[in-house]
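This report starts at one residue and widens to the whole chain. The sequence and structure come first.

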Amino acid sequence: MDLSVTVATPLEAGQISGTHSRGLRRIIPITGGTVRGQLNGRVLSGGADFQLVLSETMADLDARYLLQLDDPEWAGAHVFVQNRALRRGSAEDIAKLVRGEPVDPAAIYFRCAPTFEVSHPALAWMTESLFIGTGARFPDRVEMRFFRVC
């Protein structure tokens, strides 16, 4: 399953303070996108990626968003996605990503483990399976490929 998720300008919520300070909180609004492959449809606006920037080279990502399917078998069905990910790269490449500049996806380690909640009974297999994935950040979007672990 391939996703292309469009994103808006990141919002910096600031450094987490307190005794358990881990990093900088960044929130990236999700504005739309597409899903293609075993499922087909669109990514609805209103989701976000809640990032915790742990260092200048690594971030812990937690994206949550909703898909609306257009496949004839389950047209209109919804799939809620929670995608936990780890992204790391050189300080220079990560700084370019933050500035919205293009970076060769091969230079960035971006791996994820999505989970799903489904509204159509025929899609229950998605909640009963493990998935892993890869991702690539571009200035205006994130492209991901999810694989079901059999």
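## A buried arginine

R87 sits in strand β7 (residues 78–88); strands (E, at least two residues) and helices (H or I, at least four) are DSSP runs, numbered from the N terminus. The model is predicted: local features need pLDDT of at least 70, side-chain atom pairs count only at pLDDT 80 or more, and totals for chains, interfaces and linings use all residues. Residues are numbered from 1 along each chain as its sequence is written, and side-chain values use heavy atoms, with hydrogens and water left out.

R87 is buried but has no salt bridge. Buried means under 20% relative accessible area (1.4 Å probe, protein chains only). A salt bridge needs a side-chain nitrogen of Lys or Arg within 4 Å of a carboxyl oxygen of Asp or Glu. The nearest side chain of opposite charge, D49, is 5.6 Å away. Residues that R87 touches include Q51, M58, F110 and R137, leaving aside those up to four places away in sequence. Contact means heavy atoms within 4.5 Å.

## Strands around β10

Strand β10 (residues 141–149) pairs with β1 (residues 2–7) in the antiparallel sense over 5 bridges. Pairing requires at least two DSSP bridges. S4 has E143 of β10 as its bridge partner.

β9 (residues 130–138) also pairs antiparallel with β10, over 9 bridges. Here A136 stands opposite E143. A hairpin of 2 residues joins β9 to β10.

## The whole chain

The protein chain holds 1 helix and 10 strands. Their order from the N terminus is β-β-β-β-β-β-β-α-β-β-β. Buried residues make up 41% of the 150 residues.

How values were computed: Buried < 20%, exposed > 50% of the residue type's maximum accessible area, 1.4 Å probe, protein only. Lys, Arg positive; Asp, Glu negative; His and termini not counted.
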